[in-house]
Amino acid sequence: DPVIQVIYRGNATPAYTMIGGGWAYNPDLKPMPYDLEKAKQKLVEAGYAKGITLPIGCQASAAYIQECEVYQAMYAKVGINLQIVPIPTEIFYVATQGYLAEPGVGPINWSFRPDPHFLLSILVHKDGSWNAGRHINAERDRLIEEATAIYDLAKAKPLYDKIQTIVGEEAIFIFTVRTYDYKPMSKKVKDMPLEPAKGERLRFVWLEK
């Protein structure tokens, strides 16, 4: 909620799972809801009763630093002191120089994909190009590979529910918010496609004068 109100001015909703829309989205899945007291308990169990200091890589711009400051305030309630490490935007996503190189963690975002397989395969499959921590779970990989071969959406959906539950419980990512996508339009702009994947395809767009 602090991220939604401070960063997005209310224009977002809480996120609990990796898939945020479409046929594979399940609003009832909340594998790891916010629980401040349990977080404190887990920190004690991990041997950090007096707290711990951890770095967080943030893109070096005002908006992203502000976002990291919100996380900093939230984590302080548990006993985790986040030290903000500014990283130039041009190298932020470079594995050998960016947020993974030294801090090892940082806030990132990705856009919606109509086919959930693409997102899951690149982010959490063992061979995924964005499986940043190289985290491996054989059961998770098996389910991803099985689900992508099922073309009956009703039969595939329970598998994607299970995959998202596993990912949520493992806390490979900590999901925060789903943002709204606004499209300001003009009647002068012609052949502008609106795609669910959010990516802009401007090849055939033209302006009427």
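Me: Before I look at any residue, how do I read "buried", "partly exposed" and "exposed" here?

Reply: Buried means under 20% relative accessible area, exposed means over 50%, and partly exposed is in between, using a 1.4 Å probe and protein chains only. This is a predicted model, where local features need pLDDT of at least 70, side-chain atom pairs count only at pLDDT 80 or more, and totals for chains, interfaces and linings use all residues. Residues are numbered from 1 along each chain as its sequence is written, and side-chain values use heavy atoms, with hydrogens and water left out.

Me: Okay, so which class does D191 fall into?

Reply: D191 counts as exposed because its relative accessible area is 52%.

Me: And what about its phi?

Reply: Most residues other than glycine have a negative phi. D191 isn't a glycine, yet its phi is positive, about 60°.

Me: Where in the fold does D191 sit?

Reply: Helices (H or I, at least four residues) and strands (E, at least two) are DSSP runs, numbered from the N terminus. D191 is in the loop that links β5 (189–190) to β6 (206–207).

Me: What should I notice about A171?

Reply: A171 also isn't a glycine, and its phi is positive, near 55°. Look for A171 in the loop between α7 (153–170) and β4 (177–179). With 31% relative accessibility, A171 is partly exposed.

Me: Zooming out, how many helices and strands does the chain have?

Reply: There are seven helices and six strands, and the order from the N terminus is α-β-α-β-α-β-α-α-α-α-β-β-β.

Me: How much of the chain is buried?

Reply: 30% of the 209 residues count as buried.
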